[in-house]
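Hi,

Here is the structure I promised to pass on to you. Please have a look at it first, and then read on for my notes.

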Amino acid sequence: MAGPGRLKASLIVNGEDVDPDEVTRLLGSRPDRSYRVGDLVSSRSPARRRTGHWSISTEGMVPEAAPLEEHVAQLLSRVTNDVGVGNLLTARQDARVFVGWFMETGTEGLAIPPSPLAGPGWRAPAPAVRGSPRTAAAD
């Protein structure tokens with residue numbers, strides 16, 4: 001199995017009643033991006049956000065070629081290790097670790113070991129991830 005081309009990872013909390021200030025307080029970290037229900041989508045449009053959002057990302061903090069474990073470790077190092085907080089957020093909101101994987105060639109696979117996913121309430125089994133190669137149009 002070939003290794004990943006490039007990786008980016010985010011810890012994301014979404015939901016209709018997400019209060020970014022509360023998530024910041026609970027996790028002990030300022031978001032890289034956040035918004036509330038009702039906020040404008042952009043200054044050029046009257047459209048309003050239908051859900052709240054809070055997220056942190058490894059972009060610019062971990063090299064894209066670094067192993068998945070480094071990306072997840074960076075995310076989890078930025079938030080509390082209180083399992084109760086993680087459990088509270090995952091019970092009330094859509095809270096998850098998202099990994100963007102940009103493959104270089106062919107159909108590649110990546111085995112995700114369980115250790116990087118063992119964080120504050122973000123526990124999950126070790127899935128096998130499959131994808132398709134990026135195209136020039138996707139760049």
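Below are my notes on a helix pair and on some salt bridges. Please keep in mind that this is a predicted model.

Let me start with the helices. Helix α1 (residues 20-27) packs against helix α3 (residues 83-92) at an angle of about 155°, and their axes are 10 Å apart. That angle makes α1 roughly antiparallel to α3. The crossing of α1 past α3 is left-handed. On the α1 side, the contact is formed by Glu22, Val23, Leu26 and Leu27, which meet Val85, Leu88, Leu89 and Arg92 of α3. Six of these contact residues are nonpolar, two are charged and none is polar.

Glu22 and Arg92 also form a salt bridge, with the closest N and O atoms 3.0 Å apart. Because Arg92 lies in α3 and Glu22 in α1, the pair ties together parts that are 70 residues apart in sequence. Arg92 is partly exposed at 37% relative accessibility, and Glu22 is partly exposed at 22%.

The whole structure has eight salt bridges. Another one joins Glu59 to Lys8, where the closest N and O atoms are 3.6 Å apart. Glu59 sits in the loop between β3 (52-57) and α2 (68-77) and Lys8 in strand β1 (residues 6-15), so this pair links parts 51 residues apart in sequence. Glu59 is exposed, with a relative accessible area of 54%, whereas Lys8 is partly exposed at 24%.

Asp94 and Arg96 meet in a salt bridge too, at 2.7 Å from N to O. Finally, salt bridges with shared partners join Arg6, Lys8, Glu59 and Glu64 into one network.

Best wishes

Methods
Residues are numbered from 1 along each chain as its sequence is written. This is a predicted model: local features need pLDDT of at least 70, side-chain atom pairs count only at pLDDT 80 or more; totals for chains, interfaces and linings use all residues. Side-chain values use heavy atoms; hydrogens and water are left out. Axes are lines fitted to C-alpha atoms, for helices over the stretch in contact, and angles run from 0 to 180 degrees between N-to-C directions. Helices (H or I, at least four residues) and strands (E, at least two) are DSSP runs, numbered from the N terminus. Angles under 35 degrees count as roughly parallel, over 145 as roughly antiparallel, 65 to 115 as roughly perpendicular and the rest as oblique. A crossing is left-handed if the near helix is turned anticlockwise from the far one by less than a right angle, and right-handed if clockwise. Contact means heavy atoms within 4.5 Å. Ala, Val, Leu, Ile, Met, Phe, Trp, Tyr, Cys and Pro count as nonpolar, Asp, Glu, Lys and Arg as charged, and the others, Gly among them, as polar. A salt bridge is a side-chain nitrogen of Lys or Arg within 4 Å of a carboxyl oxygen of Asp or Glu. Buried means under 20% relative accessible area, exposed over 50%, partly exposed in between (1.4 Å probe, protein chains only).
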